[in-house]
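Here is a friendly note to read alongside the model. Take the points in order, and keep the 3D view open as you go.

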Amino acid sequence: MKAISIFDRILTVICLLMVICIFSQQNISGRIVDEEQNPVVNVLVFNISKSLKVYSNHSGYFTIEATDRDEIRFIKEGFYRTDKIVENLFNTQMEVMLLRAETLIPEVEIKYKSSGNLARDSKHFDDSKKVADLKSYVNEYMKSELNEPLPRNTIPKSFQGHDFQAGLIDLIKTLGAAVGLVKKAVSPKITTPNYIETQNFLAKVKEEVNLDIFEKYGMDEERIDHFLAYAEKVNHLSKKYRKNFNAATILSELQSAFVEYSKLNKLSN
């Protein structure tokens with residue numbers, strides 16, 4: 001009876017260990033589609049809670065390790081970012097829909113109304129003969145070589161007094177060059193980031209840079225993500241600042257990029 005009792009205890013421990021192992025290695029699977037239920041391939045599926053990542057296959061399916069309450073993020077260029085929370089480990093099949101990001105084309109205003117007469121309309125859009133001749137002359141002149149050297153607007157040395165600051169200026173230039181070399185040696189080398197580095201940089205911008213000034217234009221979190229993607233594409237922020245992060249400088253660049261962004265997108269005041 002004593003031997004049987006020990007065997008039962010060992011069997012119970014083994015069963016408990018198997019259950020713990022199964023639940024600790026729980027995976028979730030799913031399929032990623034667009035608005036028309038077409039599969040979206042090569043989507044980055046990122047488990048933020050565990051820092052794990054996979055990509056969806058050619059049919060939009062994915063499998064990634066996760067546990068209860070893990071946050072899963074889905075990222076694909078040309079689509080809005082989507083986040084999901086794992087709520088039920090026993091229901092591991094996840095259906096994810098990615099919405100395409102809007103691409104706004106600037107409005108082009110045509111002031112001249114066409115009459116339908118080709119001869120008359122072509123005269124309106126073409127340069128006048130005098131303007132065309134002038135452009136042709138200026139173009140040829142700019143391409144031609146100089147016939148004589150350009151005069152230098154300087155005072156001859158024979159009429160100049162002694163320059164008491166010459167040595168001081170040379171010293172300042174030398175010190176400036178030395179400081180420049182030190183900064184160049186200390187500063188991190190600027191390199192082109194990969195996709196993951198870019199996404200991590202943009203996430204850090206949202207955490208450490210005060211973006212409240214953009215909310216008064218009616219920009220919610222999704223629109224701010226769209227704007228950050230635009231600023232990154234135009235100003236290459238991650239390439240310049242991911243290794244030398246400066247919140248004030250980045251905010252200044254974002255404000256500059258927002259001027260052009262607001263012209264291309266309709267924003268509320």
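1. In which strand does Ile-72 lie? Ile-72 lies in strand 5. A word on the ground rules: this is a predicted model, in which local features need pLDDT of at least 70 and side-chain atom pairs count only at pLDDT 80 or more, while totals for chains, interfaces and linings use all residues. Residues are numbered from 1 along each chain as its sequence is written, and side-chain values use heavy atoms, with hydrogens and water left out.

2. The protein has 8 helices and 7 strands; helices (H or I, at least four residues) and strands (E, at least two) are DSSP runs, numbered from the N terminus. Of its 269 residues, 22% count as buried, where buried means under 20% relative accessible area, exposed means over 50%, and partly exposed lies in between (1.4 Å probe, protein chains only). The protein exposes about 20800 Å², and carbon and sulfur atoms supply 57% of that area (Shrake-Rupley method with a 1.4 Å probe; for residues, only the protein chains shown count as cover).

3. Strand 2 (residues 44–47) and strand 5 (residues 71–75) run antiparallel and are joined by 4 bridges. Within this pairing, Asn-47 stands opposite Ile-72. Is Ile-72 buried or exposed? Ile-72 counts as buried because its relative accessibility is 0%. Leaving aside neighbours within four places in sequence, Ile-72 is in contact (heavy atoms within 4.5 Å) with residues including Ile-28, Val-45, Phe-46 and Val-86. Ile-72 and Lys-50 are 22 residues apart in sequence and 9.5 Å apart in space, C-alpha to C-alpha.

4. Strand 1 (residues 27–33) pairs with strand 4 (residues 61–65) in the antiparallel sense over 5 bridges, and Arg-31 stands opposite Tyr-61. Strand 1 also pairs with strand 7 (residues 93–97), in the parallel sense over 5 bridges, and Ile-32 stands opposite Val-96.

5. Two loop residues deserve a look. Gln-37, in the loop between strand 1 and strand 2, has a phi near 65°, a positive value in a residue other than glycine. Ser-51, in the loop between strand 2 and strand 3, has a positive phi too, near 55°. Gln-37 is partly exposed, with a relative accessible area of 44%, whereas Ser-51 is exposed at 55%.

6. Next come the aromatic rings. How many aromatic pairs does the structure hold? The structure holds 8; rings of Phe, Tyr and Trp (its six-membered ring) pair if their centres lie within 6.5 Å, and planes under 30 degrees apart count as stacked, over 60 as edge-to-face and the rest as tilted. Phe-214 and Phe-258 form a tilted pair, 5.1 Å centre to centre with 50° between the planes. Phe-214 lies in the loop between helix 5 (195–208) and helix 6 (221–235) and Phe-258 in helix 8 (residues 247–264), so the pair ties together parts that are 44 residues apart in sequence. Both Phe-214 and Phe-258 are buried. Phe-214, Phe-227, Tyr-230, Phe-258 and Tyr-261 form one aromatic cluster.

7. Finally, find Ser-238 in helix 7 (residues 237–241). Ser-238 counts as buried, at 0% relative accessibility. Beyond its neighbours within four places in sequence, Ser-238 is in contact with Pro-193, Thr-198, Phe-201 and Glu-232.

Terms used: Two strands pair if DSSP finds at least two bridges between them.
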